[in-house]
Amino acid sequence: MTRLSISSVGKTYADGTEALRDIRFNAAPGEIVALLGGSGCGKTTLLRLLAGLDQPTTGSITLDDSPLNGTSSAISAVFQEPRLLPWLNVADNIGFGGQRLPPATRAQRTGALLERIGLADYGARWPRELSGGQQQRVAIARALIGHPQILLLDEPFSALDPFTRTSLHGLLLDLWRELQPTVVMVTHDVEEAVVLADRILVMKPRPGRVHDMIQVDLPRPRDRLASATDLMKHRVLRAINRSLADVPSAGGGAPSGFSPWV
Amino acid sequence: MNRVPAWLIGLIIPVGFAIAWEAAVVSGVTQGRLMPPPTRLVQTFIALARSGELQTHVLATMTRVLIGFGIGAAIGTILGLLTGASRPARLLLDPSIQGLRAIPSLAWVPLFILWLGIFETSKIALIAMGVFFPVYLGMLSAIQSVDRKLIEVGRVFGLTPIGIALRITWPAVMPVWIALLRSGLGLGFMFLVAAELMGASEGLGYLLVDGQQMGRADTILVAMIIFAVLGKTCDTCLVLAARPILRWQDTVRAQL
């Protein structure tokens, strides 16, 4: 099991924009950490650093005390868009996530995952023949076929309708229970964070910083409609409001006490 | 109206024109010396085919166009991929290639003839050059416009740069490549005619010149029609060959 450590990570782009400042948190093995925040707070930048697609300007990211240099087979990701390769059929897209697996294992896991994501009969289809939700299921399967130790999720459900989103939350949690990856997910959806995460980091923008950290000590499986869930949502919303009150919002923004995420 | 196949509508003008022209010549309204009627074109075609002349010309023409196209397309593809994928290669090569492109391709003819002689080599060089530029430019921009997000997928899942080139960049530019080959082939035929008009002892272009000098409009027209048939046939072959590769695309059926 891998422990992910982010120590005083900052990212300043070549044009001088400071996207992230002094981000620090650890993710315990198997933990689900949600990064919650509005646009411009560097959530996606942070995720790109974790994925090894970009390098932090300051600070370091370590996996079990070894520094992360570029992409790693231990880390896998689901993006905001499915990003399936349109020239590969569904099964081959899932298999694409298992580059380092022996072919027999890859084929066997692809078959099992197709079953798990409810697309057993869709292996030979092209991605364009699938709905958005189905494509995102395939993207989740692709990310998990290699049994990554760290799974990064960049608002993977944000483009989906509430019905599809809820069913994908269930699918994700099932697969997470089975494979136990550490999950770092970016979201701007309070309910999603509360239902999925063990811990929520509320971020604030310009530059992106961690404003607050909330432990979500609700038992699993979680009930979206339970009053404890509601209370937790309120706690998170209050933290968001505090983060907004601290920040002079660009271009007038929302009046204090009102959260645009509600 | 709805029961008439749609493609029949497109035939109305050419078939109508052919019938009218035939009727005009048969009825003596015109002689048809400069604009021979369809039946005379068929006779000319049969005569050329019987004598074996036609086969010689078609063979000569197709050999030139296919070799020239092959060379031009191969070099254009390779250089386009190279400059598209590598910034140093682009900085080094692209300005020179752009400079050469500024010269109208036909302006090379005298130099090609001096360097390569008046026979096959200079003709093939001209065709290859005509095909090269559009394929090169298209590949260069296609490579650069490959979706960065898909490249990132390759990186996240541990592909090496070569793996990314082969498994993401190449399939992503494939549809553009096929389209470039098709337009390159069309240009290849254009430069072929130019090359053959400027001096050839066989080939359909020679047939054009010969028809002009002999005052045989029927020979010219037959050669023109054969050009059209050959061009369309080659294009269709390319599309059919590409079809299994582009099966994943939405639009492939609409392109044919």
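Colleague: The crossing of α4(A) and α5(A): left-handed or right-handed?
Modeller: The crossing of α4(A) and α5(A) is right-handed. Right-handed means that the near helix is turned clockwise from the far one by less than a right angle, and left-handed means anticlockwise. This is a predicted model, in which local features need pLDDT of at least 70 and side-chain atom pairs count only at pLDDT 80 or more, while totals for chains, interfaces and linings use all residues. Residues are numbered from 1 along each chain as its sequence is written, chains are lettered from A and ligands numbered from 1 in the order in which they are written, and side-chain values use heavy atoms, with hydrogens and water left out.

Colleague: Which residues make the contact between those two, α4(A) and α5(A)?
Modeller: From α4(A) they are G133(A), Q136(A), R137(A), I140(A) and L144(A). From α5(A) they are T164(A), S167(A), L168(A), L171(A), L172(A), L175(A) and L179(A). Contact means heavy atoms within 4.5 Å.

Colleague: How many of the contact residues are nonpolar, polar and charged?
Modeller: Seven are nonpolar, four are polar and one is charged. (Ala, Val, Leu, Ile, Met, Phe, Trp, Tyr, Cys and Pro count as nonpolar, Asp, Glu, Lys and Arg as charged, and the others, Gly among them, as polar.)

Colleague: At what angle do α4(A) and α5(A) pack?
Modeller: Helix α4(A), residues 132–144, and helix α5(A), residues 162–179, pack at about 15°, with their axes 11 Å apart. Axes are lines fitted to C-alpha atoms, for helices over the stretch in contact, and angles run from 0 to 180 degrees between N-to-C directions. The two helices are therefore roughly parallel. (Under 35 degrees is roughly parallel, over 145 roughly antiparallel, 65 to 115 roughly perpendicular, the rest oblique.)

Colleague: How many helices and strands are there in chain A?
Modeller: Chain A has seven helices and 10 strands.

Colleague: In what order do the six strands of the open sheet stand?
Modeller: The order in chain A is β6-β7-β8-β3-β9-β10, with mixed pairing. Strands β6(A), residues 75–78, and β10(A), residues 209–215, stand at the edges with a single partner each, so one side of each has no neighbour in the sheet. From one strand to the next the twist averages 20°.

Colleague: How many bridges join β6(A) to β7(A)?
Modeller: Four, and β6(A) runs parallel to β7(A), residues 150–154. Two strands pair if DSSP finds at least two bridges between them.

Colleague: And β9(A) with β10(A): parallel or antiparallel?
Modeller: Antiparallel, with six bridges joining β9(A), residues 199–204, to β10(A). R199(A) has Q215(A) as its bridge partner in β10(A). The two strands form a hairpin with four residues between them, and R206(A) in the turn has a positive phi of about 50°. R206(A) is also joined to P207(A) by a cis peptide bond, with omega about -15°. P207(A) lies in the loop between β9(A) and β10(A).

Colleague: What joins R220(A) and P221(A)?
Modeller: A cis peptide bond, with omega about -5°. P221(A) is found in the loop between β10(A) and α7(A), residues 227–246.

Colleague: How many residues lie between β1(A) and β2(A) in their hairpin?
Modeller: Five, and G16(A) in the turn has a positive phi of about 95°. Strands β1(A), residues 4–12, and β2(A), residues 18–27, pair in the antiparallel sense over six bridges. I6(A) stands opposite F25(A) in β2(A). D22(A), found in strand β2(A), has a phi near 50°, a positive value in a residue other than glycine.

Colleague: Chain B now. How many helices and strands are there?
Modeller: Chain B has 11 helices and zero strands. Its radius of gyration is 23 Å, well over the 18 Å that the globule rule gives for 256 residues, so chain B is more spread out than a compact globule. (The radius is taken over C-alpha atoms, and the rule is 2.2 Å times the number of residues to the power 0.38.) Along its principal axes the C-alpha trace of chain B spans about 75 × 60 × 30 Å.

Colleague: What is the radius of gyration of chain A?
Modeller: Chain A has 18 Å, which agrees with the value near 18 Å for a compact globule of 262 residues. Its C-alpha atoms fill a box of roughly 55 × 40 × 35 Å along the principal axes.

Colleague: At what angle do α5(B) and α6(B) cross?
Modeller: Helix α5(B), residues 109–116, and helix α6(B), residues 120–144, cross at roughly 140°, and their axes come within 8 Å. They are therefore oblique to each other. The crossing of α5(B) and α6(B) is right-handed. Among the residues in contact are F112(B) of α5(B) and M129(B) of α6(B). The contact divides into seven nonpolar residues, two polar and no charged.
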